[in-house]
Amino acid sequence: MGHSYYGTRCHRHPAEADGHSMRSSDARTIFESLVRAHAADLYRFAFRLLGEAQGAEDLVQEAYHHAWRSVESLRDPAAGRAWLLTILRRRWSRRLRDESRRRGPRLEERDVDQSASPLPGPDIDLLARREWVQDALNRLDPRLKETFLLVFLEGLSCREAAERLGSPLGTVLSRVHRARVALRVLLRDVSDEEDAPGMTTRALPGGRS
Amino acid sequence: MMPPDQVAWRRAMGEAAALPADDSQRLRMQAEIAGLGPWAEAEWLALLEEGERWRLELGRVTQPDGLEDRLLRIAEGPRGIGLPRILGTRRLAWMAAAALLVAVSAWFALGGARAPEDGRHPANLQAIALLAMNDHLDTHTLEVKGEVPGEVASGLRDRIPFEIEFPEFEGGLRLEGGRRCTLGSHPVCFSTWRKGDVRFTLIQLRLADFDLPPGLPRTIVTPKGAAAGRRPLDVLVWSKGEFGWALVGDDSSALVAIRPWGR
């Protein structure tokens, strides 16, 4: 964040100004700063989580509504982005819990047994097909996807992601690795389904190894 | 099959590659890779490249126009008290759909649907066509996704208390999935289909639930009273046995070519 949330009361939380609640004008200033600074990042994260634009915007709106209601709880201006992202992830997690609808087979379930089959190696040709990336993400287990996105989209280190998620570093490392392996398989699944005629760069199973 | 050692190394390399470049665990891994042979060096480089490509690709998301303005308007509302949770456009769409259902239910309850003309109950067909059209124009989450009719029907079996039948379309429509929907107090099966770029919504219902007689001819109904700003879309209605179906598509002209069960 390149500017202070609190104008002339830099480093002092507005709630401290009168010892009680934050003034409306202060709250609005902070909120507007949060929107301008982080809305695009939050939308990007939500879109990659959900895989569709309308749902992503709804989720971002929910997160910002929550932020507006509880902006007083943001004590550290520099933590605004992390705070918003935590709100968004929690609302997404709540949705996941609430949704009892059936999903398709999860890659986590059918791909974690890595000792039983060769581990697919990286295949950059498949990643080059951008339209397949979201299809593959949509099929990834939600918990693997969340961790993967924190690291590869949000740019958190695995240690930071572990702190955010409240998980041990080893768990995060394992999830990231499993997500990558699963995504390779999923990208191949998508490519097999698309099986676009005339495509010359389709990779063969097994990749480089 | 890959040797167990190699599997373990690949896993360790995969985990280390996700760490920052100056992380001690990653640096240790890099030092060990040289001793593992050319395959490990190639794999390590590929892992790093793959990571960079993911970072690049994941960031390619286009933000919708006006998002920031819509979010800024949130601050025009009250703060610190419970705001209505019905905020997102999807929820508004659901509210609109719910309002429509209430209206249609009231229509049936008040006997508006019991005005048969020449035995075809056109009022009922109008209500059903209107519902089908609005359902088609709204965004709905599919409870069961899939292209295989039998599998989707099986997935919905516990939610819908009648036998689900998906037609065999001669027009080459491809099933995307389905969900339970309710019209008034009566459950119906909602499914979406696609033919090329044209999306279709199909609703299966029990004729008796809506006071419709069996043997409805294949009919195209244009809903009256479509919501403001919405273009009217034709709805193809037909029946078979005790069930009726209503099909609506983005392109009404496409309906003419649709021949369920060759009728």
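A: Let's open with a rule: rings of Phe, Tyr and Trp (its six-membered ring) form a pair if their centres lie within 6.5 Å, and planes under 30 degrees apart make it stacked, over 60 edge-to-face, with the rest tilted. In this structure, ring pairs join B:F162, B:W238, B:F243 and B:W245 into a cluster. The model is predicted, with pLDDT of at least 70 needed for local features and 80 or more for side-chain atom pairs, while totals for chains, interfaces and linings use all residues. As for bookkeeping, residues count from 1 along each chain as written, chains are lettered from A and ligands numbered from 1 in written order, and side-chain values use heavy atoms, without hydrogens or water.

Q: How many aromatic pairs are there over all chains?

A: Over all chains, the count is 9 aromatic pairs. Take A:Y43 and A:F47: their ring centres are 6.2 Å apart and the planes make an angle of 35°, a tilted pair.

Q: Why are A:Y43 and A:F47 separated by about one helical turn?

A: Helices here are DSSP runs (H or I, at least four residues), as are strands (E, at least two), numbered from the N terminus. A:Y43 and A:F47 are about one helical turn apart because they sit 4 residues from each other in helix α1 (residues 24-50) of chain A.

Q: And are A:Y43 and A:F47 buried or exposed?

A: Buried means under 20% relative accessible area, exposed means over 50%, and partly exposed lies in between (1.4 Å probe, protein chains only). Both A:Y43 and A:F47 come out buried.

Q: Which residues have the most contacts inside the largest nonpolar core?

A: A nonpolar core is a set of buried Ala, Val, Leu, Ile, Met, Phe, Trp, Tyr and Cys residues joined through side-chain atoms within 4.5 Å. The largest one here has 64 residues, and those with the most contacts inside it are A:Y64, A:L88, A:F148 and B:L58. Helix α1 of chain A gives the most to this core, 12 residues. Another core lies apart from it, with 23 residues, including B:A129, B:L207, B:L212 and B:V237.

Q: What is A:Y64 in contact with?

A: Contact means heavy atoms within 4.5 Å. If you skip neighbours within four places in sequence, A:Y64 touches A:F31, A:L34, A:V35, A:H38, A:A39, A:L42 and A:L84, plus B:L71 and B:I74.

Q: What does the secondary structure of chain A come to?

A: Chain A has 9 helices and 0 strands. Of its 209 residues, 54% are buried. Now take contacts in chain A between residues at least 6 apart in sequence: 72% of them join residues at least 24 apart.

Q: And how do the elements of chain B run?

A: Chain B has 7 helices and 7 strands, and from the N terminus they go α-α-α-α-α-α-β-α-β-β-β-β-β-β. Buried residues are 46% of its 263. For contacts in chain B between residues at least 6 apart in sequence, 57% link residues at least 24 apart.
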